[in-house]
Amino acid sequence: MLTSICGINWGDEGKGRMVDLLSSDYDVVCRYQGGNNAGHTVINDKGEFILNLLPSGILRDDVVNVLGPGMVIDIKHLCNEMDRLRAGGIVITPDNLKISDKAIITMPYHVQLDCLEEERLSKKTGKPYGSTRRGIAPVYADKYMKKVFRMGELLKPELMYERIHDIVEWKNLTIVNGYGAEPVKDEDIVAYFEEYGKKLKDYVIDTGLYLNAQHKAGKKIMFEAQLGALRDIDFGIVPYTSSSSTIAAYAPIGAGVPNLKLDNSIGIMKAYSSCVGAGPFTCEYFGEKAHKLREAGHEYGAATGRPRRVGPFDVVASRYGIRCQGADEIALTKLDVLDGYEEIEVCTAYKLRGEIIHEFPFTDVLDECEPVFETVKGWNCDISGCRKKEDLPKEALDYIKYLEKACECHIKYVSVGPERDAYIIMD
Ligand code: GDP
Ligand code: MG
């Protein structure tokens with residue numbers, strides 16, 4: 001059984017929290033793309049945790065966690081994240097964490113280049129990409145340039161050290177000659193691998209072989225996405241996207257099992273909209289409306305602390321997200337955030353040059369789109385204690401049905417609080 005948990009919107013839909021909940025039925029949880037630019041907040045019986053690189057299954061004692069070849073791994077950040085979780089009582093050993101030998105290592109100079117480019121853009125155009133500045137775009141660029149180090153090389157450091165000089169020389173062409181910054185030194189890179197590579201090498205395996213064996217043995221495997229459909233490198237709001245594929249169909253590839261097919265795709269969709277960083281966000285609220293929703297939803301980035309932009313639910317973008325993710329069913333999250341509204345707005349269409357459109361347009365055109373809002377009745381009471389469908393007020397049930405109809409996808413789960421048990425099964 002292979003299930004993907006993916007984001008329908010701009011990210012921060014509560015994927016980590018739903019993986020934490022649904023992984024009770026699974027044996028393996030696997031991250032397949034992205035790096036430490038992810039920020040998943042999970043609250044359960046063990047405490048409150050923020051995960052950047054580790055799969056959310058790491059919080060369950062009987063789940064094995066995999067970092068797949070589609071990922072980019074900042075080894076210093078990973079070591080620190082492991083230490084942070086261990087300090088919170090989480091056990092992490094090569095038995096419950098496996099890292100793909102083919103996963104790429106994010107280097108300190110990737111982080112440096114990410115910052116240099118964002119600063120250059122800020123100065124020149126006043127419009128940086130809104131990067132998390134964790135080196136993700138530069139490291140994926142180098143992956144396709146075939147000038148990167150992979151986790152498997154940590155097992156053969158002599159071979160790796162032979163390549164350091166060539167790669168550093170090539171990187172300095174950009175860092176020194178392009179940006180006028182201080183050069184990277186070979187010995188700093190060696191020291192970096194010495195310090196952090198050593199701590200991780202026991203975790204490195206061929207995750208493709210491992211996952212195939214697990215699948216053959218009848219084990220259940222879950223793929224956890226970082227970021228939502230609209231941040232996908234191919235289908236998202238380019239260039240305000242991540243640099244990897246956040247799409248469910250990519251999960252088996254990014255996990256190391258391109259030979260296996262997904263059995264189902266569960267889309268995580270938020271009851272309203274949020275978007276961190278720059279880029280077109282048609283349904284955006286401003287001023288007092290934005291402030292009220294942001295505070296109700298505590299919309300500040302888990303990885304960066306940045307205030308997230310917010311708006312009402314966007315039918316146009318969400319239907320596109322559902323299509324991109326091939327979602328079979330939906331988990332609707334953060335419904336309780338809308339508790340304090342007599343009336344709830346929904347963005348049902350966009351207005352483009354006087355015409356009403358219902359399909360998500362090309363990114364450049366998005367800048368010209370204006371939102372069309374409809375209003376539905378709110379429930380205006382606290383639903384965070386509801387645990388059964390029957391507990392929900394009629395207006396909340398109507399809102400769920402409204403979204404289901406508008407998005408043409410079955411909503412199976414609804415979450416009404418950040419805690420593990422704060423959810424309702426709608427079937
Ligand atoms: P992810 O990146 O998709 O995993 O999502 P984030 O963790 O970045 O953002 C989701 C935030 O909402 C986290 O702080 C969660 O603890 C919180 N959260 C998740 N589900 C719910 C919910 O149903 N209600 C409320 N109030 N908060 C939730
Ligand atoms: Mg997040």
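This is a predicted model: local features need pLDDT of at least 70, side-chain atom pairs count only at pLDDT 80 or more; totals for chains, interfaces and linings use all residues.
Select helix H9, residues 287-297: Ala290, Leu293, Arg294 and Gly297 are buried there. Buried means under 20% relative accessible area (1.4 Å probe, protein chains only). These residues cover an arc of only 100 degrees around the axis, so they sit on the same side of H9. The arc is taken from the directions from the helix axis to the C-beta atoms.

Residues are numbered from 1 along each chain, chains are lettered from A and ligands numbered from 1 as written, and side-chain values use heavy atoms, without hydrogens or water.

The buried residues of H9 pack against S13, with contact meaning heavy atoms within 4.5 Å. Step on to His298, which follows H9 and has a positive phi, near 45 degrees.

Next, the magnesium ion, ligand 2. Its protein donors are Asp12 (OD) and Gly39 (O), 2.0 to 2.1 Å away. Donors are N, O and S atoms within 2.8 Å of the metal (3.2 Å for Na, K and Ca); water is not among the atoms, so sites may look incomplete. Asp12 lies in the loop between S1 and H1, Gly39 in the loop between S2 and S3, 27 residues apart. Asp12 is buried at 19% relative accessibility. Gly39 is buried too, at 15%.

Conventions: Buried means under 20% relative accessible area, exposed over 50%, partly exposed in between (1.4 Å probe, protein chains only). Helices (H or I, at least four residues) and strands (E, at least two) are DSSP runs, numbered from the N terminus.
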